[in-house]
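Please consult the sequence and the structure shown here alongside the text.

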Amino acid sequence: MFLARIVGRVVSTVKQDTLKAIPLQWLQPVNAAGEAKGNPIVAADTFGLGPGELCYYITAREASIALWKLDGAVDAAVVGKGDSLDMDSEIGNRESGIG
């Protein structure tokens, strides 16, 4: 899973039949500090999130499983909303080499 911030919505006038009711979001991947990391991507969104919200997403074949449609032509799908990031936790400090 990867973190991202939703930066916009993709509007498509023509979609594959398996994606007709699925909104597409424009995501900016971010690191644990919330800073942009890499290029923006398009992901299917079954949560109805909006611009500015933090989310986590999956890629590859698993993305179609998140939509409950194994034949869906998706490379990325939003699978949850991130309410906050706690970087002061003991686990976060261990991973960063602190403490």
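## Aromatic pairing

A search of the whole structure finds one aromatic pair, where rings of Phe, Tyr and Trp (its six-membered ring) pair if their centres lie within 6.5 Å. The partners are Phe-2 and Tyr-57, in a tilted arrangement with 5.4 Å centre to centre and 35 degrees between the planes; planes under 30 degrees apart count as stacked, over 60 as edge-to-face and the rest as tilted. Because Phe-2 lies in strand S1 and Tyr-57 in strand S4, the pair ties together parts that are 55 residues apart in sequence. Strands (E, at least two residues) are DSSP runs, numbered from the N terminus.

Tyr-57 is buried, with a relative accessible area of 5%, whereas Phe-2 is partly exposed at 40%. Buried means under 20% relative accessible area, exposed over 50%, and partly exposed in between (1.4 Å probe, protein chains only).

## Basis of the model

The model is predicted: local features need pLDDT of at least 70, side-chain atom pairs count only at pLDDT 80 or more, and totals for chains, interfaces and linings use all residues. Residues are numbered from 1 along each chain as its sequence is written, and side-chain values use heavy atoms, with hydrogens and water left out.

## Nonpolar cores

The largest nonpolar core has nine residues: Ala-4, Ile-6, Leu-27, Ala-43, Leu-49, Cys-55, Tyr-57, Ala-76 and Val-78. Strand S1 (2-10), S4 and S5 each supply at least two residues of this core. Apart from it lies another core, of eight residues, including Ile-22, Ala-44, Leu-67 and Ala-77. A core is a set of buried Ala, Val, Leu, Ile, Met, Phe, Trp, Tyr and Cys residues joined through side-chain atoms within 4.5 Å.

## Salt bridges

Two salt bridges are counted, each requiring a side-chain nitrogen of Lys or Arg within 4 Å of a carboxyl oxygen of Asp or Glu. In one, Lys-81 and Glu-53 bring their closest N and O atoms to 2.9 Å apart. This pair links distant parts of the chain, 28 residues apart: Lys-81 is in strand S5 (residues 76-82), and Glu-53 in the loop between S3 and strand S4 (54-59). Lys-81 is partly exposed at 40% relative accessible area, as is Glu-53 at 22%.

Lys-20 and Asp-17 form a salt bridge with an N to O distance of 3.3 Å. Lys-20 is exposed, at 59% relative accessible area, and Asp-17 is exposed at 61%.

Note on methods: Helix = DSSP H or I, 4+ residues; strand = E, 2+ residues; numbered from the N terminus.
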